[in-house]
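Keep the structure open and follow along.

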Amino acid sequence: MSENPLLVAVGEETQVSATAGIPQTLGAYPEEDGGSMPNLFDCLASTYHLQSILSGGLTERWRRQMVARLPLQAGQKVVDLMTGTGELWTLLLPQVGENGRVRAVDFSARMLAGAARHRDTLPNPERISLHAANACSSGLASATADVVVSAFGLKTLPTTDYPALAAEIMRLLAPGGTVALLELTVPARGWRRAFCLGYLRSCNYILRLLGGPILAHTHLLHFASEFSALDKVASACRAAGLRHVRIEQLTFGLASILLAERDEQYK
Ligand SMILES: C[S@@+](CC[C@H](N)C(=O)[O-])C[C@H]1O[C@@H](n2cnc3c(N)ncnc32)[C@H](O)[C@@H]1O
């Protein structure tokens with residue numbers, strides 16, 4: 001599904017170095033490359049950490065809240081879809097311990113290079129493997145994940161890909177496994193919607209004033225303000241066979257977590 005020429009073929013383990021396969025210049029998103037999503041994230045990679053500042057620390061708080069809802073245990077295997085530069089890892093690794101494993105999937109070569117640098121700073125980095133792949137067809141082994149997680153990747157995913165993503169989550173999860181997906185959600189109406197859209201517009205304005213590589217964040221803000229389809233992701237998860245699919249709102253509905261399980265008995 002990915003058309004990114006920077007990616008190497010997907011295998012069970014993809015070796016990603018901090019600089020491998022990265023061109024010196026990247027086309028701007030979306031005008032110069034027709035708007036390919038991996039290229040947007042390649043452009044965002046060097047400044048992606050600023051999302052935490054832009055959100056006033058809320059994105060980190062929401063990641064913590066999602067991980068707190070997972071039944072993680074020592075030694076478990078976690079798949080982190082749309083991992084970015086591994087923003088979830090410092091929350092996941094203490095839970096799964098020295099024998100736990102995180103398999104991290106992303107289709108942006110630059111994000112994965114950032115992830116490789118991040119991994120090098122962590123204790124027992126061999127616990128994390130990086131996989132250059134589309135989250136909807138990761139190529140990872142079936143029924144081996146105790147937990148599948150994903151934070152802030154849904155908003156740029158085409159709605160037509162939701163069934164494929166849900167089927168992939170179902171395929172990756174071991175029987176009895178849990179999935180949690182976190183995304184920004186603009187409330188449908190009322191003062192919370194006005195607040196949220198006003199906040200996103202203010203961020204957009206500041207980013208445009210600052211200019212430079214940080215401008216790529218304006219595209220992400222655009223996707224965030226348009227995203228309202230978590231219930232469609234939930235329907236796709238139910239259709240794929242996941243059970244107990246539910247959505248929990250965080251901070252007045254500014255973000256939401258979708259949680260679901262794969263039945264123990266599911267064949
Ligand atoms: C907004 S960032 C989120 C990163 C991180 N999970 C976090 O918590 O901040 C979205 C990431 O998902 C990746 N991504 C988006 N769609 C993807 C897809 N279909 N397959 C693989 N990676 C994808 C992007 O390359 C990017 O690194």
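Start with a helix. Helix 6 spans residues 162-172, and its buried residues are Y162, L165, A166, E168, I169, M170 and L172. What covers them? The cover on the buried residues of helix 6 includes strand 1, strand 4, strand 5 (173-184) and helix 9 (230-239). Keep in mind that this is a predicted model.

I169 is found in helix 6. Is I169 buried or exposed? I169 has 28 C-beta neighbours inside 10 Å, and 20 or more are needed, so I169 counts as buried. Leaving out residues up to four places away in sequence, I169 touches V148 and V179. The C-alpha atoms of I169 and V149 are 9.2 Å apart, while the two residues are separated by 20 residues along the chain.

Now go to strand 1, part of the cover on helix 6. Strand 1 runs over residues 77-81, and five of its five residues are buried, so the rest of the structure largely encloses this strand. Which way do its residues point? K77, V79 and L81 point one way, V78 and D80 point the other way, and all are buried.

Strand 1 has partners. Strand 1 and strand 2 run parallel and are joined by five bridges. K77 has R101 as its bridge partner in strand 2. How does the chain get from strand 1 to strand 2? The chain passes through helix 4 (residues 89-96), and this β-α-β crossover is right-handed. Strand 1 also runs parallel to strand 4 (residues 145-151), with three bridges joining them. There, V78 stands opposite V147 in strand 4.

Next, look at the ligand. How many residues surround the ligand? The count is 21, and the closest are F41, M82, G84, S108 and A151. Helix 1 (37-44) and strand 2 (101-106) are the elements that give two or more residues to this shell. By type, the shell residues divide into 12 nonpolar, six polar and three charged.

Move on to strand 7. Strand 7 covers residues 255-261 and is mostly covered, with six of its seven residues buried. Strand 5 and strand 7 run antiparallel and are joined by seven bridges. L184 has A255 as its bridge partner in strand 7. Strand 6 (residues 243-250) also pairs with strand 7 in the antiparallel sense, over six bridges. Here Q249 stands opposite S256 in strand 7.

Most residues other than glycine have a negative phi. Two further residues deserve a look. H244 has its place in strand 6. Phi of H244 is near 55°, a positive value in a residue other than glycine. H244 counts as exposed because it has 12 C-beta neighbours inside 10 Å, and the cut-off for exposed is 12 or fewer. N124 is not a glycine either, yet it has a positive phi of about 50°. N124 lies in the loop between helix 5 (109-120) and strand 3 (128-132). With 11 C-beta neighbours inside 10 Å, N124 also counts as exposed.

Step back to the whole chain. The secondary structure comes to nine helices and seven strands. Of the 267 residues, 45% count as buried. Take the contacts between residues at least 6 apart in sequence: 74% of them join residues at least 24 apart.

Last comes confidence. The average pLDDT of the chain is 86, and 86% of the residues score at least 70. Where does the pLDDT stay under 50? Residues 1-13 are one such stretch, and the model has 30 contacts beyond four places in sequence for them. Residues 16-33 also have a pLDDT below 50, and beyond near neighbours in sequence this stretch has 33 contacts in the model.

Conventions:
Residues numbered from 1 in each chain as written. Predicted model: local features only at pLDDT ≥ 70, side-chain atom pairs only at ≥ 80, totals over all residues. Near = placed C-beta within 6 Å. Helix = DSSP H or I, 4+ residues; strand = E, 2+ residues; numbered from the N terminus. Nonpolar A, V, L, I, M, F, W, Y, C, P; charged D, E, K, R; others polar. Pairing = 2+ DSSP bridges. Right-handed = clockwise from strand over helix to strand, strands pointing away. Contact = placed C-beta atoms within 7 Å. pLDDT = per-residue confidence, 0-100.
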